[in-house]
Structures are given as C-alpha cells and as structure tokens.
Amino acid sequence: MSPHTEHQASQGREPLDVNDPRLTRFDIVREGAHRDDIEIVHYEPQVLPGTKAERRLTRVVAGFFLITGLAATAFLAIYIWWPWQYEPGRGGDKFYTPLLGLTLGVALLAVGFGILTWGKKLLPKEVSIQDRHEGQVDKESRTITGQTMLYMADELGVKRRPLLGISLLAGLAPVAAVAAAPLVGGLISQPHKNNQMFTTGFAMPEGGQRIRLVREDGRPIRPADISTGGQLTVFPGIDHGVSNKHADSPTLLIHLRDSDAQESRRANERIGHGDYMWGNYAAFSKICTHAGCPASLFEQQTNRLLCPCHQSQFLITDNARPIFGPASRRLPQLPIEVDSEGFFVAKSDYTETVGPDFWERP
Amino acid sequence: MKRRKFDLAATPGKAAAGVDDRFAVATPLRKLLNKVFPDHWSFLLGEIALFSFVVLLLTGVFLTFFFEPAMTEVVYDGSYAPLQGTPMSAAYASSLDISFDVRGGLVMRQMHHWAALLFMAAIVVHMLRIFFTGAFRKPRETNWIIGSLLFWVGFLAGFTGYSLPDDGLSGTGLRIASAIMLSIPVIGSWVTSSIFGGEFPGTIIISRFFIAHVLLIPGLLVALISVHLGLVFTQKHTQWPGPGRTNNNVVGERMFPRYALKQGGFFMVVFGVIALMGGLFQINPIWLFGPYEAWVVSAASQPDWYVMFLDGSTRLMPAWEISIPLGDGYVIPPLFWPTVVLPGILVGLSTMYPFLEARQRKDYRSHNLLERPRDAPARTAVGAMAVAFYIVLTLSGANDVIADKFQISLNAMTWAGRIGLLVAPPLAYYVTYRLCLGLQQHDREVLAHGVETGIIRRMPDGRFVEVHQPLSASNGHADGHGQLDYVGWVVPKKMNRLGALGPAIRGFFYPIEKPVEAPVSPGHPPVEARPEREEVGSGESRH
C-alpha cells in the first residue's frame with residue numbers, strides 16, 4: 001500500500017484514548033501529530049543513549065558552549081581594559097574594534113555551532129508528512145460566507161437606498177483630503193521662491209557691488225595667483241559664500257594657455273558670450289548639469305573637465321560643451337573681469353541655469 | 001503545625017493547566033509544535049535576510065542613542081585629530097563621535113553597515129532562488145510581490161541610512177538623489193523643494209531622512225516581513241520533488257525541537273559572521289571622506305553595492321535630452337530615464353511576472369512542488385537575462401574603478417557597458433535555454449540507458465561502446481534496459497551517486513515510495529505518473 005493511501009486511511013481511524021496508561025509519551029506525540037494530519041513516517045535516534053558516540057558529541061557541544069563563555073568574557077575584558085581612545089599614530093586602540101568583533105563573533109559562532117550540533121547530531125532524525133489540504137477548498141463554506149456578506153449588504157440596503165452610499169462617499173472624500181492636507185501643506189515648498197533655481201551667490205544685490213571671486217579661505221584672487229594651465233575653485237565673496245548654503249555657486253576659474261584661450265574666445269563669440277572671459281581666464285560652473293556633482297577633474301592637456309560621478313566630459317574650449325557621457329547641457333559660464341583693485345569679480349550672475357536639469361528650465 | 005503540602009514537580013503542569021483554562025492555547029500550540037517544514041539548504045537564504053534584519057534593529061537602536069540628526073554647523077573638537085577645528089554638520093560630528101568617542105561605537109556602526117549589505121544581498125539571492133525554482137507560482141504570487149517590494153523598501157532603508165552621516169561621500173549621493181527627483185517631468189522641482197525644504201541641500205533633509213530611516217521605513221519593513229512570514233506559514237513552504245513528496249503534502253521535520261534548534265543555531269551563526277565582519281573589515285570610513293562640501297568629490301565615489309546598478313544605468317545613458325518647445329520651453333533630462341523610469345519598469349515587471357508566466361504557460365493550477373531550473377527553460381533563460389542585465393549595470397557602476405585598475409580607457413568602458421547591456425541579456429537567454437535543454441536531454445538519456453561507467457567494451461565486430469549501468473532492472477525492453485520516468489528531481493549521473501539519490505527515506509514504520517507530479521517541460525510530452533515507482537536497484541539482473 002502506498003503511504004498516501006495509508007495516510008488517508010489513518011484519518012478515518014478512531015482517535016486514541018490519550019489517557020490510556022499503557023501509551024508511551026511518544027505514542028501521545030504521534031497521536032497529536034495524527035490529529036494535525038501529520039504522519040511521522042520515520043523516526044530514528046542518531047546516537048544511542050550511553051554510547052561512546054553520544055558522549056563524544058555531548059563533549060563537542062559542551063566545548064562549543066564553553067568557547068562561547070571564554071570569548072564573551074574576553075570581549076568584556078577587552079571592552080573594559082583595552083585602551084580604546086583614538087590616538088594618532090600606532091596606538092593599541094587600532095586593535096580595539098577588531099578585537100571586539102573577533103571575540104563577539106567567536107562567541108556567537110560557537111554558540112551557533114553548539115546549538116546546530118545539538119540539533120543536527122544529537123536529536124533523533126525524523127521524516128514527517130503533513131497534509132496540505134491543497135485543492136480541498138471548502139465550497140460550502142465559501143457559499144455560506146459569500147451569502148452572509150451579500151445578506152449584510154441587503155441589510156444595509158445600499159442598493160435600495162442609493163442615496164446613502166452616494167452621500168457617504170461624498171462625505172468621506174473630503175475627510176480623506178483632510179488627512180492628507182496637513183502633510184502636503186506642511187511639506188510643500190515653492191521651488192521658485194526668490195527665483196532661487198535660476199540664481200546663485202554671484203547675483204548682484206540691487207544697486208550693490210559686483211561680487212568678488214574668492215578662494216575657499218575667503219581671500220580674493222588676483223590674475224597672477226593662477227599659473228598658466230592652472231585652475232582654482234572659487235566662490236562668491238558673500239556671507240556664507242563658501243558653504244553648502246550656496247551649493248550651486250562653486251565655480252572653476254581656469255587660466256588657459258594662449259592658443260586654447262583664443263579658441264575659447266572664438267567659441268564664446270559664436271554663442272554671443274564674447275565678453276565672458278577676462279584675458280586668458282574663463283570661469284565655469286563646477287556643478288555638473290547632469291546630476292549636480294562637482295565636475296572637478298580637469299585634464300590640462302585636452303582642456304576637458306570630467307565629472308567623477310557619471311563621467312560626463314566637457315570641452316572647456318568649446319563653451320564647456322558635453323562631449324561624452326550622460327550630460328546633455330554645457331556648463332554655464334560666469335562672465336568675469338578684474339575690478340579696480342585687481343581682483344576677479346563676476347560681471348553678473350550666471351546667464352544660464354546652474355545645476356541639474358529640470359522640467360521648467362527654459 | 002500542619003505543613004501545606006507543596007509538590008514542586010507538579011507546579012509546571014498546574015501552571016500550564018491554569019494558562020490553558022484561561023487562554024485555551026493547547027490546541028493551537030500543538031499545531032504550531034507539530035507543523036512540518038521541508039528542509040533544503042536553499043530554503044535558508046531568506047532566513048539570512050531575516051536574521052540580518054534583527055541585527056540591524058539591535059545595532060540601529062544603539063546608534064540612535066548617540067546620533068544627532070541635525071545639519072546645524074558645529075566645529076569638530078572630538079578626538080580624531082585630522083578633523084579637529086573643521087566646521088561640519090552636527091550629524092557628521094556625532095557620526096565621528098560614534099566612531100571615535102563612544103566606546104565600542106565603531107564596531108556597532110560597522111556591524112550595522114555590514115548587516116545592511118548582507119540584508120540586501122540575502123534578499124537578492126533568496127529572490128533568485130524563488131525565481132529559478134518557480135516558487136512564486138500560484139498560490140504564492142502575493143508573497144513574491146511582497147518580496148520584490150521588500151527589496152525596494154530595503155533599498156530606501158539603505159539609502160536613507162548611509163545618507164545620515166552627512167560625510168563627503170553620502171552628501172554627493174544625496175546631491176544625485178535631489179537631481180533625480182528634479183528630473184521628474186512637470187513636478188520635479190516641486191518634489192525636490194518639498195522634500196529638501198527649499199533648494200538643495202537646505203537644513204532639514206538629514207532630520208527627515210532620520211525619521212524615515214528609524215521609524216517609517218523600519219515600520220514598513222516589519223509589516224511587510226510579518227505578512228511575508230505569515231503567508232509562508234499559512235500557505236506552507238514549497239518542497240522539492242522527491243520520494244513521497246506530492247503537491248498535496250509537506251515532507252520534512254516537525255518544527256520543534258530539531259528544526260527550531262537548527263534555525264536558532266543558524267541565527268547565531270549569521271549574527272556571529274556579522275560581528276566578525278563588523279570588527280575585522282572596515283566599512284564606510286567616514287572620517288576619511290571629510291564633511292560634505294558641495295564642491296568636493298573624489299574619483300571612485302561608489303554607492304553601496306545594491307545602488308550601484310542604478311549608478312551604472314545613469315553612466316551608460318546617452319545624453320538624450322527631450323526638449324518641448326512650448327512657451328518658454330520644457331525639458332525632460334536624460335537622468336530621468338535610467339533613474340526613475342527604469343526602476344519603475346523593474347518594479348512593474350518583477351511584480352507582474354508570476355501572472356505573466358501563468359498566462360503564457362496557461363497554467364493556473366496551484367504548485368507546491370518546486371521545479372528544477374532546467375525543467376522550465378524559458379523561465380530560467382529569462383532569469384539569466386535579468387541577471388546579465390543587472391550585472392552589466394552593476395559593473396558599469398564601478399566602470400571608473402575598473403578602467404583605472406586595468407588601465408582601460410574610461411570611455412571604452414562606457415561603450416562596452418552600453419553595447420553589453422544590449423548584447424549580454426539576449427546572449428544569456430540563448431545560452432541558458434540551450435543549457436537547460438541539454439541538461440534535460442541528458443537526464444532522460446541516463447534514465448533510459450543508465451549511468452556512463454567509463455568502461456569501454458570492444459564489440460565482436462570491432463566497434464567500441466561505452467558500458468552503461470542501467471538504473472532499473474530490465475522490464476522486457478528489446479535492448480534489455482528498463483524505462484524510468486523523470487520525476488523532477490536529481491538523476492544520478494555518476495556511479496558513486498547511485499543510491500545517494502536525494503534524501504533517502506528508508507521507511508521506519510513502512511516504506512513510502514510514491515510517484516510525484518511530473519513537471520511538464522517544452523519539448524517533452526507530459527510524463528504520466530506511474531502507479532508504483534520502481535525501486536532504484538543496482539541494475540543487476542534479477543530474473
């Protein structure tokens with residue numbers, strides 16, 4: 001007889017009397033399994049009680065647990081007494097974290113292996129078969145539940161009194177909006193406040209002075225500060241100009257070689273930016289027009305500027321036109337000149353939108 | 001004085017009876033203790049994700065005691081000398097404090113990060129197991145969908161988490177995230193400015209990410225994981241085909257005590273491995289990156305591994321900008337496609353897959369038996385295609401590092417990725433499909449003719465033939481071979497595998513051998529189940 005039919009047959013048999021004193025504990029376990037449609041078809045101790053194998057495995061498991069105790073104690077000792085405070089150079093503190101990880105890891109691994117050995121090797125092996133009752137959907141129950149729910153609908157009488165349903169929906173719709181309103185209303189922020197998406201820190205305040213270009217430490221820059229072929233990251237010389245408050249303002253000031261500068265000027269003139277450069281100096285936004293990373297790797301020989309995030313490459317001598325990679329728009333150029341004191345200033349703000357592209361960018 | 005009798009041995013029994021009187025737990029508890037689980041190593045992959053999640057919760061709670069989610073500018077005066085006196089956000093300063101000035105803080109931080117990486121890795125590998133064995137089929141489509149969502153919610157948890165320290169690397173990631181939101185047509189700038197509270201970076205994003213990372217997203221994860229496990233529990237686990245296993249039963253071990261012990265031990269092992277990694281392997285050394293400054297970045301700025309495929313897709317995307325010449329003009333930037341549309345398509349395709357496959361195979365039955373990947377060549381090939389697609393993208397996410405280490409042109413790497421993305425998936429499909437068919441063929445050959453023995457025999461007419469060891473006794477076939485049906489499980493291919501076929505059930509109370517539902521695969525007619533399964537013998541003649 002196949003086990004399946006045997007199993008089915010077992011469902012039909014009389015349940016055992018579990019109070020029968022002749023039953024062993026395992027008999028009761030099997031009876032319980034039967035009642036859950038489980039057949040324990042194979043049950044076999046892996047080690048016999050009192051054998052050498054059992055004693056050996058017991059020692060192995062105990063050994064694992066003792067290793068855990070040792071490692072955990074070591075963890076505590078290291079945690080408390082090992083020098084942990086950071087010291088520059090070669091201090092013992094370098095080993096603090098590794099030692100903590102090592103002792104904690106060993107402690108946890110040993111307890112894990114101990115439990116695994118206990119479960120896998122010392123406990124009896126078994127094969128049980130449980131019925132899934134797959135495909136035995138209780139059709140009757142389905143009908144009853146379905147009818148009950150339909151009856152509930154009848155009781156409510158929404159069908160007969162459609163006005164109730166409609167008015168309830170009409171009443172609840174604004175309530176849902178009420179729940180969403182504070183969240184949306186609180187979070188929403190007008191993106192074009194103060195024209196912020198189209199201006200940078202170089203925008204001249206009304207009736208004010210032209211903004212100076214400054215270094216990271218805030219000092220203004222003279223043309224002689226940058227050697228030929230060199231470049232410098234510059235910022236608007238305003239309050240908090242060198243900070244993330246003006247994350248769209250960092251600019252790359254490049255001192256081009258003569259021939260490259262001529263090429264750049266010609267390119268500038270082609271697009272009506274004839275007066276954007278000052279001498280052989282040109283300034284481009286450092287914020288990539290693709291995803292906003294600073295495009296900061298300048299290759300002097302080829303006049304290419306590379307953004308390390310997604311490898312967009314811009315040809316500086318051709319108005320910083322993107323020539324490779326995912327960027328689709330040139331880096332905006334800052335019109336610059338030198339003021340009466342000999343420092344670089346921005347003639348005006350950027351005339352193109354700085355930073356990553358968006359829907360309403362003209 | 002008469003002492004009250006106190007029977008210590010009877011106390012637990014009495015207490016248990018008392019509990020049962022009040023809560024009637026005996027029957028449900030028995031059902032739980034008795035529940036049968038099938039056992040296979042590949043069923044433990046999801047557990048790794050679950051256990052990593054527990055470690056994430058434990059270490060994460062520790063970290064919240066010391067982390068300050070604020071972008072207020074402070075001047076660092078902690079013990080890490082190279083950064084002393086540097087202005088930075090409070091978030092970054094407190095992350096440095098966790099690393100240097102909280103005793104044992106660094107090991108906790110690193111364990112948290114490694115556990116997150118392991119969590120995502122286990123989710124992906126578990127998902128591959130589910131996919132390639134067809135475990136997502138009816139009735140488990142819902143759990144497949146929840147699983148796919150878990151990947152994306154885990155992705156968000158990871159991204160919001162590694163953005164919190166506000167270091168140079170994570171700030172760059174945040175910058176890119178803001179650009180991605182900006183790229184959404186029509187509402188992009190509104191979404192970005194609403195989330196960041198104004199123009200990037202604003203002053204509030206870290207505290208918003210913090211509450212998302214420690215409350216909203218973990219809450220969602222806990223909810224999804226609970227439903228996921230609950231469904232596994234009520235729908236009962238799938239099992240591999242094999243002796244005695246049918247679509248209508250579960251063959252395995254009762255949950256308690258052995259199965260539960262093994263789970264507990266496995267949890268400790270996963271926990272231990274994370275502890276070792278957290279202590280011994282450095283991860284995200286934020287003190288080397290410095291505070292986030294919008295103008296500073298370095299090459300080899302890679303996100304965590306599970307984000308790299310999106311970084312790769314962004315790098316490979318050609319600079320295709322769509323301009324709409326209406327009014328002042330509108331733009332759909334190239335960034336929109338690889339970072340918003342692509343993930344959208346991936347979510348849609350992965351969640352819809354069970355239904356698409358059922359429709360394509362016209363198979364609307366319930367399946368509790370797993371399929372070997374070779375028995376569903378089309379699915380396996382589609383999976384290989386997806387894996388190839390993912391690998392090309394992930395490698396492209398590191399293409400600058402590869403270009404640097406192997407002295408390859410960066411632009412060549414980008415082009416290789418672009419071409420690879422188009423060529424590799426179809427190629428993977430074709431190769432996998434052929435491999436599956438070949439493996440199927442070989443299974444049938446072995447069943448029909450026996451195992452190759454490596455013994456070459458010379459025939460009287462001078463031919464050489466290899467001697468095959470038949471798997472079953474002769475049943476009157478002309479060639480003296482018996483015929484065995486394929487039952488969807490491992491066929492022994494080597495002599496020393498004979499008799500080692502799957503988990504052997506010897507039968508303690510009675511032998512259990514029953515044919516199982518044979519999977520239907522293209523190219524082979526459906527195999528009729530036989531009433532009795534042949535005993536797998538040594539092949540020696542027994543007439």
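1. Basis. The model is predicted: local features need pLDDT of at least 70, side-chain atom pairs count only at pLDDT 80 or more, and totals for chains, interfaces and linings use all residues. Residues are numbered from 1 along each chain as its sequence is written, while chains are lettered from A and ligands numbered from 1 in the order in which they are written.

2. Contact between the chains. On chain B, 95 residues are in contact with 81 residues of chain A (C-beta atoms, placed from the backbone, within 7 Å). Helix α10 (residues 255-280) of chain B gives the most to this side, with 17 residues. The side of chain B that touches chain A has 45 nonpolar, 33 polar and 17 charged residues (Ala, Val, Leu, Ile, Met, Phe, Trp, Tyr, Cys and Pro are nonpolar; Asp, Glu, Lys and Arg charged; the others, Gly among them, polar).

3. B:Arg30. This residue sits in helix α2 (residues 26-34) of chain B; helices are DSSP runs of H or I, at least four residues, and strands runs of E, at least two, numbered from the N terminus. B:Arg30 has 15 other C-beta atoms within 10 Å and is partly exposed (buried means 20 or more, exposed 12 or fewer, partly exposed in between). Neighbours within four places in sequence aside, B:Arg30 contacts A:Gly32 and A:Asp36.

4. Helices α14 and α16 of chain B. The axes of α14 (residues 377-397) and α16 (residues 410-449) come within 8 Å and cross at roughly 150°. The axes are lines fitted to C-alpha atoms over the stretch in contact, with angles from 0 to 180 degrees between N-to-C directions. α14(B) and α16(B) are therefore roughly antiparallel (over 145 degrees; under 35 is roughly parallel, 65 to 115 roughly perpendicular, the rest oblique). By class, their contact has 17 nonpolar, five polar and no charged residues.

5. Helices α6 and α13 of chain B. For α6 (residues 141-163) and α13 (residues 336-361), the axes come within 9 Å and cross at roughly 165°. The contact involves residues including B:Trp144 and B:Trp152 of α6(B) and B:Pro354 and B:Phe355 of α13(B). Its classes are six nonpolar, three polar and one charged.

6. Annotated spans. UniProt (unreviewed entry) places "domain: Cytochrome b/b6 N-terminal region profile" at residues 15-241 of chain B; such annotations may be inferred rather than shown by experiment. That span is 68% helix and 4% strand, with end C-alpha atoms 44 Å apart. The UniProt annotation "domain: Rieske" (unreviewed entry) covers residues 248-345 of chain A. Here the figures are 13% helix and 31% strand, and the end C-alpha atoms lie 17 Å apart.

How values were computed. Two residues are in contact if their C-beta atoms, placed from the backbone, lie within 7 Å.
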